Amino acid sequence: MKYRTFAKINEKVSLLGMGAMRFPEEKDGKVDENNAVSIIRAAIDSGINYIDTAYPYLSGQSEVIVGKALKNGYREKVLIADKMPIWLAKDENHMKEIFNTQLKRLDTDSIDMYLVHSVNVPNWKRVKKLKLMPFLEEMKKKGKIKHIGFSFHDSYEFFEEVLDDYPWEFCQIQLNYMDKNIQAGIKGLKLAAEKGIGVIIMEPLKGGRLTSAIPPAVQKLWDSAETKRSPAEWAFKWLAEMPEVTLILSGMSSMKQLEENIRIITSDDLTILTDEEKKLINKVSDEYNRLIKYSCTGCEYCLPCPQKLNIPDLLEYYNEWNTYGQNPSTKMEYIDWVAKGRHASDCIGCRKCEKKCPQNLPIVQALKEASEAFGI
Ligand code: SF4
Ligand code: SF4
């Protein structure tokens, strides 16, 4: 296993971390606990020493499974990462209850790496309102938390603001070769590293979209490489080559996936990427971008919609659907997401949005296609 060190806190971690959000299921759809425990322990036996869970993962079962897997001497071998889902906390007391539930589920006295989960503008306001940071500091003093960090999903500008707002010990951002200029992006990675804050990478394979249902034009490009590698290998290499990356999280849901990821991460030439190979990855990224059907820039000039549709986000889901080979995970995420808001099929065709769109996008047509594609 390869290891890197979180600069500010001097914690040595495996370059590959285990995300505990997806596990094998039994026939009735329930998580196969024994299998999940075996996968976590096999990961630790292979040298992985960072296990990432969260309160909402698998409706709480993830924390329980991690707790079970870390019995019999495994707890001492790893850093546990867990997170506060501030959007679920009704008030300060409930926030504290959530924290105590996490300790109970994990069956541990302390959480090594504690993150504010999914920081964005509304969640950050809630962090302030419920005084989460003073509470986490109190927990740190009591020894119930070792290090405080945050995971992030918002603009680069807001990332900069959050980074300067608190003496963070580490942070977690979404990054892969398709998202290099999205959210915190490469710029955010470099900025955090400049400030001495270690960076954990999530979504290295874009939720599996970069490794399954590869469009033929993209596959042709990969096939043209002098040294043949799997799409996962290219994605991990692209990240590992950057010294600012401290740890790459991957949600491994089978032994096969775990073994494949370990093979990639431990390969001798993992951090070597030639100029030719970098060019090839850029070409693949351009090809994926070419497949984007509706080039929405996310400017939001089309809003507000009288039906309260979040037009740019709906278009983003539909673009992802087309670009990444109609991947089932896009559909699942879309269905999850629309459960909290309005569907593409709620569009009444008034075309108010189209009149304001600087890209002249046929929004009504796009939403019609999206609702047909996602069946909702
Ligand atoms: S056409 Fe549809 S998406 Fe556009 S403003 Fe009207 S209801 Fe909203
Ligand atoms: S105005 Fe057009 S480009 Fe801007 S967010 Fe709306 S659909 Fe996208």
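Pro304 sits in the loop that runs between α11 (275–290) and α12 (311–323), and in this predicted model the peptide bond that joins Leu303 to Pro304 is cis, with omega at about 0 degrees. Most peptide bonds are trans, and most residues other than glycine have a negative phi. Asn72 counts as exposed because its relative accessible area is 67%, and Asp107 counts as exposed because its relative accessibility is 53%.

The domain assignment gives domain 1 as residues 3–282 and domain 2 as residues 311–374, and the C-alpha centres of domain 1 and domain 2 lie 28 Å apart. Where the two meet, 9 residues of domain 1 are in contact with 8 residues of domain 2, and domain 1 and domain 2 together bury about 680 Å², of which 41% is on carbon and sulfur atoms. Of the area that domain 1 buries against domain 2, 68% is supplied by Lys206, Arg209 and Ala213, more than by any other three residues.

Polar and charged groups also meet across this interface, where 3 salt bridges and 4 residue pairs in polar contact are found. On the side of domain 1 that touches domain 2, the residues divide into 4 nonpolar, 3 polar and 2 charged. Arg209 forms a salt bridge with Glu320, in which the closest N and O atoms are 2.7 Å apart, and Arg209 also forms a salt bridge with Glu333, with the closest N and O atoms 2.8 Å apart. Arg209 is buried, with a relative accessible area of 4%, whereas Glu333 is partly exposed, with a relative accessible area of 34%.

A search of the whole structure finds 28 salt bridges, and two further examples also connect separated parts of the chain. Glu277 and Arg229 form a salt bridge whose closest N and O atoms are 3.0 Å apart; Glu277 is in helix α11 and Arg229 in the loop between α8 and α9 (231–240), 48 residues apart, and both Glu277 and Arg229 are buried.

In the other example, the side chains of Glu369 and Lys293 meet in a salt bridge of 2.9 Å, N to O. Because Glu369 lies in helix α15 and Lys293 in the loop between α11 and α12, this pair ties together parts that are 76 residues apart in sequence. Glu369 is buried, at a relative accessible area of 14%, while Lys293 is partly exposed at 44% relative accessibility. Salt bridges that share partners also join Arg229, Glu233, Glu260, Arg263, Asp269 and Glu277 into one network. Leaving aside residues up to four places away in sequence, Glu369 touches Lys293, Tyr294 and Tyr318.

Methods
Residues numbered from 1 in each chain as written. Chains lettered and ligands numbered in written order. Predicted model: local features only at pLDDT ≥ 70, side-chain atom pairs only at ≥ 80, totals over all residues. Heavy atoms only, no water. Domains from an automatic or database assignment. Contact = heavy atoms within 4.5 Å. Buried area = accessible area lost by both parts, 1.4 Å probe. Salt bridge = Lys/Arg side-chain N within 4 Å of Asp/Glu carboxyl O. Polar contact = N/O pair within 3.5 Å; in protein donor to acceptor, adjacent residues only side chain to side chain. Nonpolar A, V, L, I, M, F, W, Y, C, P; charged D, E, K, R; others polar. Helix = DSSP H or I, 4+ residues; strand = E, 2+ residues; numbered from the N terminus. Buried < 20%, exposed > 50% of the residue type's maximum accessible area, 1.4 Å probe, protein only.
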